[in-house]
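Me: Could you take a close look at one spot for me? I'd like the plain story, then a wider view for context.

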Amino acid sequence: MTKKNSLFYEFLKGVLKENPLLILMLGTCPALAVTTSAENGLGMGVAATAVLIMSNVVISLLRKVIPDKVRIPAYITIIASLVTILQFLMQAYVPALNASLGIFIPLITVNCIILGRAEAYANSHGIVHSAIDGLGMGVGFTLALFFIGSIREILGFGTFFGTKMPWITEGGLQPMMIFGLPAGGFAVFGIMVAITQKLNKRFYARQPQAVIGCAECPGCISANTAPVDHASDDLEGQTDEPRVVVPKALREPGILAEPKDVKQSEREETK
Amino acid sequence: MKEMLIILLSVVLIDNLVLSRFLGVCSFLGLTKDLKNAMGMSVAVIFVMIVATGITYPIYWSILEPINLGYLQTVVFILVIAAVVQVLEAIIRKAFPPLYKAMGIYLPLITTNCAILGVMLINIQEIYNFGSAMMSSFGAGVGYMLAMFLFTGVREKMEKADIPEFMQGLPITLMAASVVSVSFMGFKGVIENLFG
């Protein structure tokens, strides 16, 4: 079912193994700025997903037409046009959400996820695979934004989708405003990344294949005449180790069990 | 003059580009490992920011707005930024080799840096004359530089700290950014107190 190259694998890859926000670290700006509420997080995620799927499809269709040398400007123009269309749709149908996301809707244009997927995937794969890849990445991004938004809204404002939490009362518990402020955004995002790293190590005994910052985003690199030396400093400090091959457990759902000695030693550590 | 000072102070300290508007966070996290990189990127950002504002602001108000094409701003701006970056790179490489050496490699990265497009859009939305727009761009760039500079110092200290394994790398960096962001909250109210 999850064989490599199958459509389901492409989908799941974006959600779990290569989650764009929590593992690849792409699109951090909107992730921090708009996640003051679950609704905003969800809205931003859905908007970015829509643009991502459309741009992957269009770029995949045009991949043989666009000359290699001008592909980055061409991609940016395509993405910017799609974002403009999306902006119109949002102004018409969800004006409140559009107002609260504000400037971050046009900024989807420079979101590294979209240009990154165009460059890394859509320009070398067919339409269907590209669309599914976009969907998977988009869903992964949306889920991450939704979780961050929920945590910040519940802790920072004591509400969830506008519904008041039962424990927030007059004279009783008060919401912690710091979570609604920029500082809380950084903190919650940091904790989410820490949890993801921990889970990855524990359950899959592997590390993210490569951590890409915006500086390394393929779009920027290929627009680059001279390769940037320092941009390859990874954020994890783990590149020196050999790249861990994805274990069988990930490729075939039947055998999720790791070799026993690994698990035992890990349990002992946690004790 | 007073108005300019207010704009400058508020974009540098209160509405800091990185720490309270969340623009350019990627490069903020990615390039603050050593001071040389951080400063090179910051100088490049200030430079492109000012030049791009000088072009996009008149384009919007004298071409796009009068013929009701304001909605094309995203497409036009991103193309202008990409073109400015390319042209600047060529000019600087020919005319000012030392400057190119210092910030040349960061220039191409700027096209997709959301700080630039973000500031262009904010200027169109919130600022009402050309001088203020230029000042706001300059201030935003300086604010970016300030944040990069401070955060590089914090990260250099962190290199020596003993950090729990699961917090190593990005998580601890984000937590540190959170603390730096709290410190910038202390500037709230500065303008009211200074200028009444």
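What follows is one residue up close, then a whole chain. Where does A:Thr142 lie, and is A:Thr142 buried or exposed?

Reply: First, the ground rules. This is a predicted model, where local features need pLDDT of at least 70 and side-chain atom pairs count only at pLDDT 80 or more, while totals for chains, interfaces and linings use all residues. Residues are numbered from 1 along each chain as written, chains are lettered from A and ligands numbered from 1 in the order written, and side-chain values use heavy atoms, leaving out hydrogens and water.

Now, A:Thr142 sits in helix 7 of chain A, residues 127–157 (helices are DSSP runs of H or I, at least four residues, numbered from the N terminus). A:Thr142 counts as buried because its relative accessible area is 11%, and buried means under 20% with a 1.4 Å probe, protein chains only. Its side chain makes a polar contact with that of A:Thr49 at 3.1 Å (N or O atoms within 3.5 Å, one able to donate a hydrogen and the other to accept it). Setting aside neighbours within four places in sequence, A:Thr142 touches A:Leu42, A:Gly45 and A:Val46 as well as A:Thr49; contact here means heavy atoms within 4.5 Å.

For the wider view, take chain B. Chain B has 9 helices and 0 strands. Buried residues make up 53% of its 196 residues. Of the contacts in chain B with a separation of 6 or more, 79% join residues 24 or more positions apart. The C-alpha trace of chain B spans about 60 × 50 × 30 Å along its principal axes.

Methods: Helix = DSSP H or I, 4+ residues; strand = E, 2+ residues; numbered from the N terminus. Buried < 20%, exposed > 50% of the residue type's maximum accessible area, 1.4 Å probe, protein only.
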